[in-house]
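Please look over the sequence and the model shown here before reading the notes that follow.

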Amino acid sequence: MTGIWGIVNVTPDSFSDGGRYLDVDRAVAHGLRLRADGASVLDVGGESTRPGAERVGAQVEQQRVIPVIERLAAAGVPVSVDTLSATTAAAAVRAGARIVNDVSGGLADPDMRAAVAESGADYAVGHWRGSSADMYANAEYRRVAREVAGELQERIGEAAASGIAPSRLIVDPGIGFAKAGAQNWDVLRGLDEIVALGPRVLVGTSRKRFLAETLQRDAATDDEISEIRRDLATAVTSALAARAGVWAVRVHDVASTRDALAIAHAWRG
Ligand code: PMM
C-alpha cells in the first residue's frame, strides 16, 4: 500500500497565533492528528521552500523543528525533517528523525550528504534547479520527465559516492520546483521513468499551484480555488501516482488522500 507523508509545517504563517511553546504544542497536536488519519511518516519543516520564500537560517529553523521532532519521535511516530541544511538534518536525526527530506537533493548545502551518511538516516533527494527565488528561470526542458530522471540519477550517484547506500535513498521529482504549469503534468505522466531509477519514489502535489491553475482554467468563474478543492485535486493526483508505482505521497490533508488511495486500491483488487 502506498505510504502517506503528512506535512507538519512549523512556520509562523502555519501557526501564527502564539509564542514558540504554543506553536510546538499545536504542531505536535496537528502531527498526531495526521498520524491518526493514516500518515505513515510525518514530515516536519521549519522553513518554507515554496517559490519566492525567504531562507530563515539554520538556527531559527532548528528552534522551530527540533522540539516538535523530539515529541513526535517520542510518541513512536516515524519522522522526517524537511530541510536544506546539513546542521539541521544532523540535529533532527539526533532528536529522533529517521529520514532527511532535502528538496535540493544535496545541491543547496555542500555538507548535506556527509551529514546524512554519518547520521544513518534515510535520505529523500528532490529534483531541484536552484533556490526558490530563481527557480522559474531554470524551468527549461526538452523532455521534462526524462531530464528530471537523468538529474536524479546524478543525485543517486553522488549520494552513493558519499557513502549513502541505495537502500537508504528515496527520490522525488520535485513537483513545482523549477517546473512551470504544464511541465508538472509532463513529470506526472512520465512517472514510470522516475520509478525505473530503482529507489523508492516520493511525490508531492499537495495544494500546489499547478493544480489550482488547472481547475481555474476549467472554471466557469474566476473565484479563488478553495483549499478543499485543492485537497480533492491532491487526492486524485495521489491516487494516480500510486497507480504509477510510487512508494509514498506527501500531503497536507491525510484523510482525503487516504480515502482516495483506499478506493484506488480496491479498484485494483
Ligand atoms: N514540496 C514542498 C516542500 N517539501 N518535499 C518533498 N520531498 N517533495 C515536495 O514536493 C515538497 C517537499 C513545498 O510544498 P509545501 O510548502 O506545501 O510543503
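This is a predicted model: local features need pLDDT of at least 70, side-chain atom pairs count only at pLDDT 80 or more; totals for chains, interfaces and linings use all residues.

Residues are numbered from 1 along each chain as its sequence is written, and side-chain values use heavy atoms, with hydrogens and water left out.

**The largest pocket**

- The largest pocket has a volume of about 990 Å³, and of the 41 residues that line it, Asn9, Arg50, Ser206, Arg207 and His252 are the closest to its centre.
- A pocket is here an open set of points on a 1 Å grid over the protein atoms alone, where a 1.4 Å probe fits and protein lies on both sides within 12 Å along at least five of seven lines; lining residues have an atom within 4 Å of a point.
- Grid points are joined across faces, edges and corners, and a volume is the space filled by probe spheres set on the points.
- At least two residues of the lining come from each of β1 (3-9), α6 (181-189), α8 (209-217) and α9 (227-243), where helices (H or I, at least four residues) and strands (E, at least two) are DSSP runs numbered from the N terminus.
- The lining of the largest pocket divides into 11 nonpolar, 17 polar and 13 charged residues, with Ala, Val, Leu, Ile, Met, Phe, Trp, Tyr, Cys and Pro counted as nonpolar, Asp, Glu, Lys and Arg as charged, and the others, Gly among them, as polar.

**The ligand**

- The ligand is surrounded by 13 residues, of which Arg50, Asp82, Asn101, Asp172 and Lys208 are the closest; a residue is counted if one of its heavy atoms lies within 4 Å of the molecule.
- Asp172 has a polar side-chain atom 2.7 Å from a nitrogen atom of the ligand, a polar contact being a pair of N or O atoms within 3.5 Å; within protein, one must be able to donate a hydrogen and the other to accept it, and residues adjacent in sequence count only if both atoms are side-chain atoms.
- An N or O atom in the side chain of Lys208 lies 2.7 Å from an oxygen atom of the ligand, and a polar side-chain atom of His252 is 3.1 Å from an oxygen atom of the ligand.

- Strand β5 (residues 122-126) runs parallel to β6 and is joined to it by 4 bridges, and Ala124 has Ile170 as its bridge partner in β6; two strands pair if DSSP finds at least two bridges between them.
- β6 is also joined by 2 bridges to strand β7 (residues 200-203), again in parallel, and here Ile170 stands opposite Arg200.
- From strand β8 (residues 248-251), Ala248 and Arg250 point one way and Val249 and Val251 the other way, and all are buried.
- β8 pairs in the parallel sense with β1 over 4 bridges, with Gly3 opposite Ala248, and in the parallel sense with β7 over 2 bridges, where Val203 has Val249 as its partner.

- Arg207, in the loop between β7 and α8, has a positive phi of about 55° although it is not a glycine, and at 17% relative accessibility Arg207 counts as buried.
- Ala178, in the loop between β6 and α6, likewise has a positive phi, near 55°, in a residue other than glycine, and Ala178 is buried with a relative accessible area of 1%.
- Ile175 also lies in the loop between β6 and α6 and counts as buried at 1% relative accessibility; the C-alpha atoms of Ile175 and Arg209, 34 residues apart along the chain, are separated by 9.9 Å.
- Gly46, in the loop between β2 (41-45) and α2 (58-74), is buried with a relative accessible area of 0%.
- Thr214, in helix α8, is buried because its relative accessible area is 16%, and the side chain of Thr214 reaches the backbone oxygen of Phe210 at 2.9 Å.

Conventions
Buried means under 20% relative accessible area, exposed over 50%, partly exposed in between (1.4 Å probe, protein chains only).
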